[in-house]
Amino acid sequence: RYYETLLSGEILAPIETDWTYRNFVALEQALLGNEEAVHFFSEMLEPAPGLQLPQERDETHLGEQGEHRVLPFNPVSSELIGLARQLGYPIQAVLLTGHMKVMSLMSGEAHAVSSVTVNGRPEQEGAEQSL
């Protein structure tokens with residue numbers, strides 16, 4: 001809404017809000033005791049495999065921190081960025097999709113589990129103004 005308002009040349013009306021990050025933390029903590037939420041996520045994660053990737057036996061491909069070394073990203077980055085543009089998705093979504101497919105192929109499982117870092121803002125007016 002804000003983006004479209006600015007594009008149209010209109011002036012944004014300021015929103016009065018007393019929202020802070022502690023409000024988000026309180027909402028998350030309240031959710032921990034919510035039986036419906038616990039049931040929802042337990043059911044969602046039930047088919048997730050316990051071990052997804054085979055254990056690395058040959059340590060010659062491991063770096064100092066135990067990470068698995070891969071070829072540099074630059075040779076394929078322009079093609080992936082082009083694919084993202086063609087599909088109309090952010091490059092992060094294309095990379096995450098590839099990551100999930102590799103996790104599924106490596107584990108032999110139809111379902112894969114991973115994680116991403118997201119922002120913490122509730123769906124309420126003014127929350128997007130938080131830092």
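These legends walk through several close-up views of a predicted model.

Figure 1. Let us start with the overall picture. The predicted model holds 5 helices and 0 strands, and from the N terminus on its elements run α-α-α-α-α. Of the 131 residues in the protein, 15% are buried. How much of the accessible surface belongs to carbon and sulfur atoms? The share is 57% of a surface that comes to about 11400 Å². Among contacts between residues at least 6 apart in sequence, 48% join residues at least 24 apart.

**Figure 2. T5 in helix α1.** This view turns to helix α1, which covers residues 2-7 and includes T5. Is T5 buried or exposed? With a relative accessible area of 17%, T5 is buried, because the cut-off for buried is under 20%. Once its neighbours within four places in sequence are left aside, T5 is in contact with E10, I11 and L12.

**Figure 3. The ring pair of F40 and F41.** Here you can look at two aromatic rings side by side. The structure holds 1 aromatic pair. The ring centres of F40 and F41 lie 4.9 Å apart and the ring planes stand at 85°, so this pair is edge-to-face; planes over 60 degrees apart count that way. How accessible are the two residues to the surroundings? F40 has 45% relative accessibility and counts as partly exposed. F41, at 41% relative accessibility, also counts as partly exposed.

**Figure 4. Helix α4 and the glycine after it.** Helix α4 covers residues 74-87. Its 14 residues should span 20 Å at 1.5 Å a residue, and the end C-alpha atoms are 20 Å apart, which agrees. After α4 comes G88, with a positive phi near 80°. Within α4 you will find L80, a residue that is partly exposed with a relative accessible area of 23%.

**Figure 5. Where α4 and α5 cross.** This view brings the two helices together. How do the axes of α4 and α5 cross? They come within 8 Å and cross at roughly 110°. That makes α4 roughly perpendicular to α5, because angles from 65 to 115 degrees count that way. On the α4 side, the residues in this meeting are L80, I81, L83, A84 and L87; on the α5 side, they are I91, V94 and L95. Two of these residues make a handy pair to locate: L80 and L95 are 15 residues apart along the chain, and their C-alpha atoms are separated by 8.1 Å.

**Figure 6. Helix α5 and its buried residues.** Helix α5 covers residues 91-107, 17 residues in total. From its first C-alpha to its last, α5 reaches 24 Å, close to the 24 Å expected at 1.5 Å a residue. Which residues of α5 are buried? They are V94, M103, S104 and S107. The buried residues of α5 pack against α4.

**Figure 7. M100 and the residues it touches.** M100 belongs to helix α5. With a relative accessible area of 25%, M100 is partly exposed. Which residues does M100 touch, not counting those up to four places away in sequence? The answer is A112, V113 and S114. For V113, the C-alpha to C-alpha distance from M100 is 7.6 Å, and the two residues are 13 apart in sequence.

Figure 8. The last view follows the chain beyond α5. P122 is found in this segment and counts as buried at 14% relative accessibility. How far is P122 from L27 in space and in sequence? They are 8.1 Å apart, C-alpha to C-alpha, and 95 residues apart in sequence. A127 also lies in the segment after α5, and it counts as buried at 2% relative accessibility.

Technical notes: Residues are numbered from 1 along each chain as its sequence is written. This is a predicted model: local features need pLDDT of at least 70, side-chain atom pairs count only at pLDDT 80 or more; totals for chains, interfaces and linings use all residues. Side-chain values use heavy atoms; hydrogens and water are left out. Rings of Phe, Tyr and Trp (its six-membered ring) pair if their centres lie within 6.5 Å; planes under 30 degrees apart count as stacked, over 60 as edge-to-face and the rest as tilted. Buried means under 20% relative accessible area, exposed over 50%, partly exposed in between (1.4 Å probe, protein chains only). Helices (H or I, at least four residues) and strands (E, at least two) are DSSP runs, numbered from the N terminus. The expected span of a helix is 1.5 Å times one less than its number of residues. Contact means heavy atoms within 4.5 Å. Accessible areas come from the Shrake-Rupley method with a 1.4 Å probe; for residues, only the protein chains shown count as cover. Axes are lines fitted to C-alpha atoms, for helices over the stretch in contact, and angles run from 0 to 180 degrees between N-to-C directions. Angles under 35 degrees count as roughly parallel, over 145 as roughly antiparallel, 65 to 115 as roughly perpendicular and the rest as oblique.
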